[in-house]
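Please keep the sequence and the model in view while reading.

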Amino acid sequence: MSPRPGRPVAAVFGSARLAPGEPEYREAVRLGGLLAGAGWTVQTGGYDGVMGAVSSGAHAAGGHVVGITLQSFRGTKAPNRWVLEERETEDLFARVRRLVEADAWIALAGGMGTLAEVALAWNLHQNWPAEARPLVLVGPRWAALAPQI
């Protein structure tokens, strides 16, 4: 199954460690629903935390959910149950490269992996304007970085 033709793709970056019940988790569920309701395909790293929250919200709103996963996790970590289309990659570098192949980038709460994804998107903005897409940083955790972008 591939994304629905004509639908833009939003790549959402965020922590795998965020738990259900946390305010940022609920916000991620809401974001997924809003994106799907507006006709966007949601693309994440495909696992739990923010990725699962956004995926569940998108799925509940009837959206298409793509998970960019890792071969090395096969057998130890499964994609979240809302992923409709899994695209497995051979390593972390390929995963990030595939993840940023989207029409917009959105970063929620996260750690080092999320920061790496944001840094790549920001670098694409600065060095390859033809590759630039909207980069949206959501939440207070990004306040120190936001004035620089």
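Thr-89 touches Ile-68, Thr-69, Leu-70, Gln-71, Ala-94, Arg-95 and Arg-98, leaving aside residues up to four places away in sequence; a contact means heavy atoms within 4.5 Å. The model is predicted, so local features need pLDDT of at least 70 and side-chain atom pairs count only at pLDDT 80 or more, while totals for chains, interfaces and linings use all residues. Residues are numbered from 1 along each chain as its sequence is written, and side-chain values use heavy atoms, with hydrogens and water left out.

**Thr-89 and strand β4**

- Thr-89 is found in strand β4; strands (E, at least two residues) and helices (H or I, at least four) are DSSP runs, numbered from the N terminus.
- Thr-89 counts as buried because its relative accessibility is 2%, where buried means under 20% relative accessible area, exposed over 50% and partly exposed in between (1.4 Å probe, protein chains only).

**Strand β3 and its partners**

- Strand β3 (residues 65-70) pairs with β4 in the parallel sense over five bridges; two strands pair if DSSP finds at least two bridges between them.
- In this pairing, Thr-69 stands opposite Glu-88 of β4.
- Strands β2 and β3 also run parallel, joined by three bridges, and Val-42 stands opposite Val-65 in β3.
- Six of the six residues of β3 are buried.
- Val-65, Gly-67 and Thr-69 point one way from β3, and Val-66, Ile-68 and Leu-70 point the other way.

**Helix α2**

- Helix α2 (residues 50-60) is largely enclosed by the rest of the structure, because nine of its 11 residues are buried.
- Among the buried residues of α2 are Val-50, Met-51, Gly-52 and Ala-53.
- The cover over the buried residues of α2 includes β1 (9-13), α1 (23-37), β2 (41-44), β3 and α3 (92-99).
- Just after α2, Gly-62 takes a positive phi of about 85 degrees.

**Ile-106 in strand β5**

- Ile-106 lies in strand β5 (residues 104-107) and is buried, with a relative accessible area of 9%.
- Ile-106 touches Ala-10, Ala-11, Val-12, Phe-13, Leu-31, Leu-35, Val-136 and Val-138, not counting residues up to four places away in sequence.
- Although Ile-106 and Leu-31 are 75 residues apart in sequence, their C-alpha atoms are 9.9 Å apart in space.

**The chain as a whole**

- The protein chain contains four helices and six strands, in the order β-α-β-α-β-β-α-β-α-β along the sequence.
- The C-alpha trace spans about 35 × 35 × 30 Å along its principal axes.
- Of the 149 residues, 44% count as buried.
- Among contacts between residues at least 6 apart in sequence, 66% join residues at least 24 apart.
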